[in-house]
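I opened this notebook to record what I looked up in the structure.

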Protein chains: 6
Amino acid sequence: MKISRRENFNAAHRLFRKDWSDEKNASVFGKCSNPNYHGHNYILEVIVEGSIDPETGYVLDLKILKDLIKDEVIERFDHRNLNLDCAEFADLNPTTENISKVIWEALRPKLDAKLGLEVILSETDKNKVYYSGS
Amino acid sequence: MKISRRENFNAAHRLFRKDWSDEKNASVFGKCSNPNYHGHNYILEVIVEGSIDPETGYVLDLKILKDLIKDEVIERFDHRNLNLDCAEFADLNPTTENISKVIWEALRPKLDAKLGLEVILSETDKNKVYYSGS
Amino acid sequence: MKISRRENFNAAHRLFRKDWSDEKNASVFGKCSNPNYHGHNYILEVIVEGSIDPETGYVLDLKILKDLIKDEVIERFDHRNLNLDCAEFADLNPTTENISKVIWEALRPKLDAKLGLEVILSETDKNKVYYSGS
Amino acid sequence: MKISRRENFNAAHRLFRKDWSDEKNASVFGKCSNPNYHGHNYILEVIVEGSIDPETGYVLDLKILKDLIKDEVIERFDHRNLNLDCAEFADLNPTTENISKVIWEALRPKLDAKLGLEVILSETDKNKVYYSGS
Amino acid sequence: MKISRRENFNAAHRLFRKDWSDEKNASVFGKCSNPNYHGHNYILEVIVEGSIDPETGYVLDLKILKDLIKDEVIERFDHRNLNLDCAEFADLNPTTENISKVIWEALRPKLDAKLGLEVILSETDKNKVYYSGS
Amino acid sequence: MKISRRENFNAAHRLFRKDWSDEKNASVFGKCSNPNYHGHNYILEVIVEGSIDPETGYVLDLKILKDLIKDEVIERFDHRNLNLDCAEFADLNPTTENISKVIWEALRPKLDAKLGLEVILSETDKNKVYYSGS
């Protein structure tokens with residue numbers, strides 16, 4: 001059984017590698033590499049897999065999951081510039097793939113090891129990434 | 001190949017264990033344990049896995065699935081109080097996890113054993129449960 | 001110019017007039033009159049009409065509007081039974097129309113008289129009420 | 001890790017087997033077999049599974065996936081009559097199941113064999129098919 | 001005060017004037033004029049303006065509105081070819097504008113003259129028409 | 001009769017007045033004033049009011065409206081930093097209110113004076129602005 005919680009954060013970013021020239025960044029990442037950044041309303045679904053606690057009827061109290069997402073994701077990324085404000089992306093290109101991986105890696109150690117974890121991250125209503133640790 | 005059908009039902013409920021005091025219920029379930037109930041528009045997706053019938057091009061006629069959901073879920077739970085009106089929850093806390101399990105167990109014997117079954121149940125646009133029988 | 005803020009609340013209710021018999025309530029309001037209540041995820045859009053403050057570029061700081069909705073609507077109705085827990089509906093049938101009117105009347109005196117006010121309330125994804133004071 | 005791209009196409013169709021009488025088609029497929037066709041806004045999600053390219057941070061540049069969907073799906077099916085205009089359905093009943101299979105089979109050879117592929121196709125907001133090649 | 005009800009219908013159509021050549025139809029209406037039709041999931045919102053009945057708390061029982069939409073719109077247009085199956089469009093180009101007008105004119109005489117009426121019709125999630133009788 | 005077209009753009013911005021100190025900007029605009037910007041997926045609905053052309057059945061060919069929005073809005077703002085890349089906001093705080101006004105003023109002279117114009121701009125799924133020229 002899996003439960004999920006959806007949350008949002010609004011951030012600026014730019015697809016960019018420091019070790020590439022501006023021309024190469026522009027050629028590979030197109031308008032997503034605009035030097036002055038652009039931004040998105042990211043929609044995050046965090047899915048936790050486990051078994052029902054027969055006492056509470058919960059796999060996990062969603063308040064715990066909501067607070068965990070708030071501490072590990074929203075406080076770090078909401079209303080931020082991912083490239084400039086977030087150490088995780090100082091040397092990591094903030095593609096939706098990499099953001100998903102960073103979120104998964106931030107949440108994983110905070111959850112009981114017997115619980116499964118998947119994240120689904122939408123950058124726009126047309127683009128999504130699904131990540132479950134590999 | 002999997003096909004799915006989405007349906008809705010609107011119900012009142014309260015998270016609550018009869019064998020706990022009101023204080024303990026309130027402490028564990030918070031505002032979801034309000035003694036006079038609250039309610040939700042539940043959104044149910046029922047997913048059936050099978051192979052395409054080469055004659056019809058269907059895995060399963062969705063009219064059959066729609067009618068099954070109507071008989072086994074909508075007729076039982078729509079415009080009801082899950083705690084008071086539904087025998088399934090007389091001694092079972094109506095968390096989204098437990099409601100999903102009750103729905104899965106109601107649908108499973110009505111479908112051919114060679115078909116797979118998963119249910120996805122949303123309590124709000126932020127909370128979902130995925131259940132496929134274990 | 002109009003600005004709007006969307007918020008949600010989850011509540012139980014029953015369409016019901018105390019001065020009618022159970023039979024008449026059932027005959028007029030159908031399954032919406034189930035004696036043990038049912039419930040909904042209400043979606044509220046509050047629209048405020050005014051002119052842009054040239055200093056801030058805001059018609060109204062949405063944080064003010066969000067807090068106002070929280071105090072006047074969410075705190076009163078969320079995770080409640082409208083019929084039993086909310087004095088406003090002690091003698092008023094909690095139809096979407098009447099809930100919209102009660103919300104509008106709660107918000108109106110809290111907003112500057114020069115601002116216009118409209119509320120849009122959805123009971124389900126098929127049903128909405130628009131109310132602007134008459 | 002999986003990435004996905006959502007696109008739409010609008011098409012007419014009719015559920016119909018040439019080798020059946022009109023009566024049998026009507027009896028099995030109901031109003032979906034109306035001889036003059038009806039239509040839908042199909043919503044397609046194409047999911048590609050692979051590993052992150054450490055250089056770009058992409059599993060696959062979504063521009064490549066978007067263009068592939070455009071060439072293989074949108075150009076063929078958008079604003080068309082699936083039964084009359086699309087050779088794929090000359091002798092294949094255009095159920096959502098069969099359309100999904102045709103789309104998967106059109107995309108599969110265009111993607112690197114080491115990438116996984118799943119398609120999710122919605123015919124209406126109540127009906128979906130998930131197909132990943134078997 | 002206004003109330004609304006949302007319903008759907010799925011239909012084939014083609015933008016086309018009988019008195020124009022195929023070339024002119026194609027030149028003015030583009031791919032929407034494909035001779036073999038295409039189709040859409042139309043989403044209809046019907047808005048009725050009136051005052052609250054103090055006895056029921058309703059502007060209009062939504063069941064009445066739902067049944068009216070079923071009789072006057074869904075039964076006529078759902079799973080049909082608007083050009084071929086619907087007499088209304090025998091000599092009227094089935095643009096979203098004209099469909100909205102036909103729907104409004106079908107509903108208007110069935111509603112009490114003291115009630116206002118507006119229809120909102122979506123052809124796709126990007127295109128809408130609002131019509132209130134002029 | 002009104003027709004509408006929905007389009008999107010993704011942009012970075014910061015709420016900020018050059019003539020205020022950083023402290024005052026932070027105090028009035030909170031996290032929306034983060035010096036390194038944040039961003040949004042803006043959703044724009046452009047509504048044009050007019051009468052049906054009896055020849056085409058259109059109020060306005062939506063292709064014309066789509067191209068106009070592309071030229072006047074998407075090309076200017078999509079994948080840009082509104083504060084740094086868009087001259088319109090060099091000295092104008094890019095609140096949703098001001099962005100709506102700038103969009104309306106860009107579109108107005110490009111449309112026939114006998115057509116009405118309204119824009120609806122969403123910054124997030126909770127916040128919207130409606131503007132029709134005053």
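The entries below treat a pair of helices and then a strand with its neighbours.

Entry 1. I note at the outset that the model is predicted.

Entry 2. I looked up how helix H2 (residues 62-77) of chain F lies against helix H4 (residues 96-107) of chain F. Their axes come within 10 Å and cross at roughly 140°. H2(F) is therefore oblique to H4(F), since the angles over 145 degrees are those that count as roughly antiparallel. I recorded the crossing of H2(F) and H4(F) as right-handed.

Entry 3. Which residues make this contact of H2(F) with H4(F)? From H2(F) I listed F:Leu68, F:Glu72, F:Val73, F:Arg76 and F:Phe77. From H4(F) I listed F:Val102, F:Ile103, F:Ala106 and F:Leu107. By class, the residues of the contact are seven nonpolar and two charged, with no polar one.

Entry 4. I turned to strand S5 (residues 127-131) of chain D and asked how many of its five residues are buried. Four of them are, so S5(D) is largely enclosed by the rest of the structure.

Entry 5. I then looked up the partners of S5(D). Within chain D, strand S4 (residues 116-124) runs antiparallel to S5(D), and five bridges join the two. One of the pairs I found is D:Val119 with D:Tyr131. Two residues lie between S4(D) and S5(D), which form a hairpin.

Entry 6. S5(D) also pairs with strand S1 (residues 2-13) of chain B, in the antiparallel sense, over four bridges. Here I noted D:Asn127 as the bridge partner of B:Arg5.

Note on methods:
Residues are numbered from 1 along each chain as its sequence is written. Chains are lettered from A and ligands numbered from 1 in the order in which they are written. This is a predicted model: local features need pLDDT of at least 70, side-chain atom pairs count only at pLDDT 80 or more; totals for chains, interfaces and linings use all residues. Side-chain values use heavy atoms; hydrogens and water are left out. Axes are lines fitted to C-alpha atoms, for helices over the stretch in contact, and angles run from 0 to 180 degrees between N-to-C directions. Angles under 35 degrees count as roughly parallel, over 145 as roughly antiparallel, 65 to 115 as roughly perpendicular and the rest as oblique. A crossing is left-handed if the near helix is turned anticlockwise from the far one by less than a right angle, and right-handed if clockwise. Contact means heavy atoms within 4.5 Å. Ala, Val, Leu, Ile, Met, Phe, Trp, Tyr, Cys and Pro count as nonpolar, Asp, Glu, Lys and Arg as charged, and the others, Gly among them, as polar. Buried means under 20% relative accessible area, exposed over 50%, partly exposed in between (1.4 Å probe, protein chains only). Two strands pair if DSSP finds at least two bridges between them.
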